[in-house]
Amino acid sequence: MENIFYQSGSAKNVFELQGIFDMPDRYGKGLDWSQYLVHDAASLVLRYLKTLPEPVIPFDCYSLFIACLSRDAATKDTMTSIAEFQDCVINLSPLNRQLLLYLLDLLAVFASKSQINHMTSSRLVAVFQPSLLSKEPQSMTAEDHELAASVMVFMVENQDHFLIGLTGTTTGDGANDVTDSNEQAM
């Protein structure tokens, strides 16, 4: 679908979907999507992320992630930057880490189809970056947004290097899941 995260879904449908996904026991599992458009689902994902109290990478981690890309950028190779980002990702809380890795994978999938959907890494990050990596909104400058966007583009384009410490497992209902290996040991 072209421009999937740029075109808004129906406000009515998004509100309805939000209610369905907030409803216990099923939280949207088994939903019949036939009455909804893909833009409704995309808008729901963005709404969810925008309502989080902090970005997926918490405010106090902003400087650590920015430093990975900006420190000696001219002389550093890609693998060194990847290793520095891996350290930052590992140090996120398990929930933030899993959500970040899931979103990086999702964005990389959409970016890989940019010839069809026109959603390059840069365009995707333009939509998602404030919900992924940001300082407190009142302290973000234009330069801060550019740095955060550069970090997120790098992470999306190299996302396959960040699936560290994760192993596939099966949940009780047979669905594939990704679980932190440290959590499995507990």
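**Note on the helix packing and nonpolar cores**

1. Ile90 is partly exposed, since its relative accessible area is 46%, a value that falls between the limits of under 20% for buried and over 50% for exposed. The residue belongs to helix α4. Although Ile90 and Leu163 are separated by 73 residues in sequence, their C-alpha atoms are 9.8 Å apart in space. Please keep in mind while reading that the structure is a predicted model.

2. The largest nonpolar core of the model is made of 42 residues, and those with the most contacts inside it are Phe5, Phe65, Leu100, Leu133, Met152 and Met155. Two or more residues of this core come from each of the helices α2 (38–50), α3 (62–70), α4 (78–90), α5 (94–112), α7 (121–132) and α8 (142–157). Helix α5 contributes the most, giving nine residues to the core. As general background, nonpolar side chains in soluble globular proteins tend to be buried together.

3. When residues up to four places away in sequence are left out of the count, Met155 touches Phe65, Phe85, Val89, Leu100, Leu104 and Phe162.

4. Next comes the pair α5 and α8. Their axes come within 8 Å and cross at roughly 75°, and because an angle from 65 to 115 degrees counts as roughly perpendicular, α5 and α8 are described as roughly perpendicular to each other. On the α5 side the contact is made by Leu100, Leu104, Leu107 and Ala108, while α8 supplies Met152, Met155 and Val156. Sorted by type, the residues of this contact are seven nonpolar, no polar and no charged.

5. The crossing in which α2 passes α7 is left-handed. Here the contact involves Val45, Leu46, Leu49 and Lys50 of α2, together with Val127, Phe128 and Ser131 of α7. The residues of the contact of α2 with α7 divide into five that are nonpolar, one that is polar and one that is charged.

Technical notes:
Residues numbered from 1 in each chain as written. Predicted model: local features only at pLDDT ≥ 70, side-chain atom pairs only at ≥ 80, totals over all residues. Heavy atoms only, no water. Core = buried A, V, L, I, M, F, W, Y, C linked by side-chain atoms within 4.5 Å. Buried < 20%, exposed > 50% of the residue type's maximum accessible area, 1.4 Å probe, protein only. Helix = DSSP H or I, 4+ residues; strand = E, 2+ residues; numbered from the N terminus. Contact = heavy atoms within 4.5 Å. Left-handed = near helix turned anticlockwise from the far one by under 90°. Nonpolar A, V, L, I, M, F, W, Y, C, P; charged D, E, K, R; others polar. Axes fitted to C-alpha atoms, helices over the stretch in contact; angles between N-to-C directions. Parallel < 35°, antiparallel > 145°, perpendicular 65-115°, else oblique.
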